[in-house]
Amino acid sequence: MHVAVRQRQSLVRACERIQLGDRETARTILDGAWLIATADGDLGHQEALTLSKLIDTLTMPERIAAHEASFSDDEEAWFERLETLDPSAHGVLIEVLALVACADAGLTTPEHRFLRRLAKVLHEDVDFAAIDRMLDRLRDPQPAATA
């Protein structure tokens with residue numbers, strides 16, 4: 001039980017450190033987060049937690065309005081939209097998608113393929129060794145030091 005609580009806290013802290021950028025960039029990143037979260041099937045609890053915490057990092061004007069369409073399942077259209085994404089946001093996009101993929105303490109084959117395709121489209125490298133280290137930290141986060 002303690003490990004599960006520490007894993008949840010670790011995910012929350014990781015999400016709180018992320019800056020998604022302006023409204024359009026944030027929407028593109030969150031759409032990608034949804035796509036990778038559902039790449040291997042239904043949205044899991046930890047993935048849903050990660051997505052909700054990422055949305056919580058946005059200020060109210062940047063948040064997705066209730067009347068806006070929810071996340072799209074059109075992966076092809078999303079990859080095409082990446083052409084207009086500011087290159088300075090590529091690192092955050094990769095970080096967020098890796099975090100969401102790792103949220104359920106594993107990187108599935110569909111998630112791995114999604115990240116490889118992302119790297120190819122962005123002409124960026126995805127550091128899978130760093131993702132493995134992130135997975136290790138999420139699987140067994142260290143207990144918080146007590147004072």
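**Reading the terms off the model**

Tutor: Let's start at Gly 106: leaving out residues up to four places away in sequence, it touches Ala 101, Glu 111, Leu 135 and Arg 139, where contact means heavy atoms within 4.5 Å. This is a predicted model, with local features needing pLDDT of at least 70, side-chain atom pairs counting only at pLDDT 80 or more, and totals for chains, interfaces and linings using all residues. Residues are numbered from 1 along each chain as its sequence is written, and side-chain values use heavy atoms, with hydrogens and water left out.

Student: What makes Gly 106 buried rather than exposed?

Tutor: Buried means under 20% relative accessible area, exposed over 50%, and partly exposed in between, using a 1.4 Å probe and protein chains only. Gly 106 comes in at 16%, so it is buried. Gly 106 sits in the loop between helix H5 (90-102) and helix H6 (109-122); helices here are DSSP runs of H or I, at least four residues, numbered from the N terminus.

Student: And Thr 50, why is that one called buried?

Tutor: Its relative accessible area is 1%, so Thr 50 counts as buried. Thr 50 belongs to helix H3 (residues 45-56), and beyond its neighbours within four places in sequence it contacts Leu 11, Cys 15, Leu 99, Val 100 and Ala 103.

Student: What puts the buried residues of H7 on the same side?

Tutor: Those residues are Phe 128, Ile 131, Met 134, Leu 135 and Leu 138. They cover an arc of only 105° around the axis, which puts them on the same side of H7; the arc is that of the directions from the helix axis to the C-beta atoms. An α-helix has 3.6 residues a turn, so residues three or four places apart point the same way.

Student: Why is the Trp 78 and Phe 79 pair called edge-to-face?

Tutor: Rings of Phe, Tyr and Trp (its six-membered ring) pair if their centres lie within 6.5 Å; planes under 30 degrees apart count as stacked, over 60 as edge-to-face and the rest as tilted. The structure holds 3 aromatic pairs. In this one the centres are 4.9 Å apart and the planes at 75°, so it is edge-to-face.

Student: Then why is Trp 78 with Phe 114 called stacked?

Tutor: Their ring centres are 5.7 Å apart and the planes at 25°, so that pair is stacked. Trp 78 lies in helix H4 and Phe 114 in helix H6, so the pair ties together parts that are 36 residues apart in sequence. Ring pairs link Trp 78, Phe 79 and Phe 114 into a cluster.

Key: Helix = DSSP H or I, 4+ residues; strand = E, 2+ residues; numbered from the N terminus.
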